[in-house]
Amino acid sequence: MPRRRKRVKNMNVSCHTLNKQDARRTNPFGALTTRAYRAGIFIVFFLRFACLPCAMAEPEMLLISAGIFTMGSEDGRFPNEAPAHNIYLDAYYIGKTEVTNAAYYPFWLAAGGDESEHTPISYGEAFGEWPDVAKSKPNYPVVGVSWHDAVAYAAWVGKRLPTEAEWEKAARGTDARRWPWGSPFSQPLKNKTIHANVWHAKDGFKHLAPVGQYPTGASPYGALDMAGNVWEWTADWYADTYYHRSEERNPTGPTVGSRRVVKGGSWLNPVPLSRCATRIGQYPKSGTSFIGFRLAADAP
Ligand SMILES: [Ca+2]
């Protein structure tokens, strides 16, 4: 993918150079002035990109300050979350929402469109067909993407996937809360008690929901849908017992593994699995209708 981006960049440089130096000489419409020719090029490029469903679709990034937070839980029902332990993270950025169909679409086009190895899986009428959903459901999270697709997309936009620790801190802040909005699942917030798209929660959606539908479900940092809607790929390998040997500063997961950590639960999961500390492993080649991802980036 980096090579494709370089080609686009070079193309832009080439056009810029053409405009600056050779527009009058190479103008194919001899009667047009150079200014009109330049305006024509601008209009062509504007229409080309205005017609993409991607317009300004890349998620807003939130700054997560450096410091210690509590990772994991002592709930007992989920021994892979134990022990709860303190982790220090450097500052970083996290996507405010899951990556959407509209955001993924230009990457898919640049990667070859219908021939791309990064084409999302289509799940039929209830979810829509790719690439139609990029226009019919632009603000829904992209699903049917493997871990490899997510990593490739993140690199294409100059970002990366969050580590598991980065994901969990962005979801729960520093007070060890169980869900992004607090510790009771249905606690009243601004006269509402439903804060996430999860299974049987009367959240208004049978399957996926557009991103950002539950502002009262925001994490302490303002990240949305970190509980439910879609599980989210993280950068780390998964291991049941990793928390017993995790590094205390900026952990990046086991060095080897067969599955990658996904976090946060989905529209298909009940409330207990949509907690901040929930962690499961998923084979990285697996695309499903209930796994998407969000971006992260280093803070300067
Ligand atoms: Ca989610």
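Mentor: Let us begin with strand β6. Arg260 and Val262 point one way from β6, while Val261 and Lys263 point the other way. All four are buried; a residue is called buried if 20 or more other C-beta atoms lie within 10 Å of its own, exposed if 12 or fewer, and partly exposed in between, with C-beta atoms placed from the backbone. In a regular strand the side chains alternate between the two faces of the sheet. Strands (E, at least two residues) and helices (H or I, at least four residues) are DSSP runs, numbered from the N terminus.

Two points on the model itself are needed here. Residues are numbered from 1 along each chain as its sequence is written. The model is predicted, so local features need a pLDDT of at least 70 and side-chain atom pairs count only at pLDDT 80 or more, whereas totals for chains, interfaces and linings use all residues. Here pLDDT is the predictor's confidence in each residue, from 0 to 100. The chain averages a pLDDT of 85, and 81% of the residues score at least 70. Over residues 1–34, however, pLDDT stays under 50, and residues 39–56 also stay under 50.

Now consider the partners of β6. Two strands pair if DSSP finds at least two bridges between them. β5 and β6 pair in the antiparallel sense over three bridges, and Glu232 stands opposite Lys263 in β6. β6 also pairs with strand β7 (residues 279–282), in the antiparallel sense and over four bridges. The bridge partner of Arg260 in β7 is Gln282.

The loop between β6 and β7 contains Ser266. Ser266 is classed as buried because 28 other C-beta atoms lie within 10 Å. Two residues are in contact if their C-beta atoms, placed from the backbone, lie within 7 Å. Leaving aside neighbours within four places in sequence, Ser266 is in contact with Gly228, Asn229, Val230, Trp231 and Phe290. Ser266 and Phe290 are 24 residues apart in sequence, yet 5.9 Å apart in space, C-alpha to C-alpha.

In α5, the buried residues are Trp147, Asp149, Ala150, Tyr153 and Ala154. They cover an arc of only 160 degrees around the axis, which puts them on the same side of α5; the arc is that of the directions from the helix axis to the C-beta atoms. An α-helix has 3.6 residues a turn, so residues three or four places apart point the same way. Just after α5, Gly158 takes a positive phi of about 75 degrees. Ala150, apart from its neighbours within four places in sequence, is in contact with Val145, Leu161, Trp233 and Phe293.

Helix α3 comes next. Eight of its 10 residues are buried, including Tyr104, Phe107 and Trp108. What covers the buried residues of α3 includes α4 (132–136) and α5. After α3 comes Gly112, whose phi is positive, near 120 degrees.

In soluble globular proteins, nonpolar side chains tend to be buried together.

Finally, there is an open sheet of three strands, in the order β1-β4-β9, with antiparallel pairing. β1 and β9 stand at the edges with a single partner strand each, so one side of each is left without a neighbour in the sheet. Four bridges join strand β1 (residues 61–64) to β4, where Leu62 stands opposite Ile94 and Met61 has Gly95 as its bridge partner. Three bridges join β4 to strand β9 (residues 296–298), with Tyr92 opposite Asp298. In strand β4 (residues 92–95), Tyr92 and Ile94 point one way, Tyr93 and Gly95 the other way, and all are buried.
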